[in-house]
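Work through the following exercises with the sequence and the model side by side.

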Amino acid sequence: MTIAAHTLGCKLNFAETSDLVSRFTLAGWQQTDFGNKADLYVINTCTVTAVAEKKCRNAIRQAVANNPDAIVAVIGCFAQNAADEIARIDGVDIILGNDRKHDLLHYVNDFIQHRDKPNSLQHSPQTTDNPGFHLAYSHADRTRTFFKVQDGCDYFCTYCAIPFARGRSRSATVAETVAAAREIAASGAKEVVLTGVNTGTFGQNNGETFLDLIKALDTVEGIERYRISSIEPNLLTDDTIRFVASSRAFLPHFHIPLQAGSDKVLRLMHRRYDTAFYADLLQRIKTLMPDACIAADIMVGFNGETDDEFERVTDYVESLPISYLHVFTFSERPNTAALRLGERIPVHHRREHSRRMQELSDRKKALFYRQQTGQQRPVLWESDIKKGMIYGFTDNYIRVRRPAADASHLVNTITPFRLTTFIEQDEVFEDC
Ligand code: SF4
């Protein structure tokens, strides 16, 4: 039997899909690409924007078209929030929200036994009450692993449907998480990316903190690098910044959601900081780690972001030492408070704001790369070889490449790399 999986959304979803697929392969299934004919298609869905939901529907239709006789399982956040809608799509056999998706193997085996009966659709009750916590990590690339250390969120930002899809913040204990990190180290992966929905709230259900976690992870032998995939500005404490700056394995690379560059919009979003706090936070990081890469999520077109407001936002973002942006366009999510707040922005203005913010991100990234020219930094070489080139990332997340012909022995090793030739159109430093 063959399984093909497709993941939408965040790194957390990627870690969970990879973990699920490995359970099937352990049970004797063969993994194949999503574009191939398979016996089972798994679509791990996302509900963060309307565009993400549209991609989920398209992936479901693609799976049904690839093999009309296959079992199609739709799992994850969109499945949690829109199970009834998904149940009406022809060809869907199993729908599991975040509360049950970890039991997919059981649901698939059950479905295979009962598929000849009418109404065989497997449909878990949708609840986010007491959902439990499942540590998970990706197995796809032997150099870098996405490690889910936390799930859920209690913040209820006004635009966000994630707390409805993933429930309250929760995590395993530090000791359990470190034990899983040792398994990752034993698999040979050198770099671990810590992921979660609101990662900085790690441990709040156990009386532990995110700082406790990273101090303990830093001692795990075999893991040479950690990246923190995303942490809320108000949770990135000075103690955490100082620890990262002096730690053995935590890298000078931060992903700190900003979401809006205007205090008016931040208040409407119910974010827990203002623009002055965020700017000061970035300065504190840069003071200790001048070469740190800082990425930020920003949402454009949220209620109240008039054209005048957007001009102020771009000036503010321009002034920050941000290395690049992840730009999202606001779309109304069911059940969220944003439906009742502030002035709505026409969709064509949202698109224009998105285009301009993406341009700003491209300029910032090129500037960050140019500022690094001449430096020598450690690079972890990855296993993918494209067009005769082997690729890797520096500690501060600069992409580099060199000819692969004489370099396959470098895969999953860390070597020094002098940043000399920047190929701007490919956003990469090259060693010819
Ligand atoms: S912090 Fe806000 S944006 Fe992030 S998951 Fe929680 S509610 Fe959503």
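Domain bounds are those of an automatic or database domain assignment. This is a predicted model, in which local features need pLDDT of at least 70 and side-chain atom pairs count only at pLDDT 80 or more, while totals for chains, interfaces and linings use all residues. Residues are numbered from 1 along each chain as its sequence is written, and side-chain values use heavy atoms, with hydrogens and water left out.

**Exercise 1.** Identify the domains into which the protein is divided, and describe how domain 1 and domain 2 are in contact.

*Solution.* Begin with the bounds: domain 1 covers 2-123, domain 2 covers 136-355 and domain 3 covers 376-430. Then take the contacts (heavy atoms within 4.5 Å): 20 residues of domain 1 touch 22 residues of domain 2. Finally, consider buried area, the accessible area (1.4 Å probe) that two parts lose on being put together, summed over both; for this pair of domains it is about 1600 Å², with 60% on carbon and sulfur atoms. On the side of domain 1, the residues that lose the most area are K11, L12 and A15, together 33% of what that side buries.

**Exercise 2.** Trace the open sheet that contains β7, β8, β9 and β10.

*Solution.* Helices (H or I, at least four residues) and strands (E, at least two) are DSSP runs numbered from the N terminus, and two strands pair if DSSP finds at least two bridges between them. The order is β7-β8-β9-β10 with mixed pairing, and the edge strands, each pairing on one side only, are β7 (136-137) and β10 (225-228). Strand β9 (residues 191-195) runs parallel to β10 and is joined to it by four bridges, with E191 opposite R225. Helix α7 (residues 174-187) packs on this sheet and touches β7, β8 (144-148), β9 and β10, its direction making about 160° with that of β8; such angles run from 0 to 180 degrees between N-to-C directions, with axes fitted to C-alpha atoms, for helices over the stretch in contact.

**Exercise 3.** Describe the open sheet of six strands.

*Solution.* The strands follow the order β17-β14-β15-β16-β19-β18, with mixed pairing, and the edges are β17 (414-418) and β18 (421-423). Within the sheet, β14 (residues 376-386) and β15 (residues 389-394) are antiparallel over five bridges, and W381 has G392 in β15 as its bridge partner. Helix α13 (residues 347-371) lies across β16 (399-403), β18 and β19 (428-430), at about 170° to β18.
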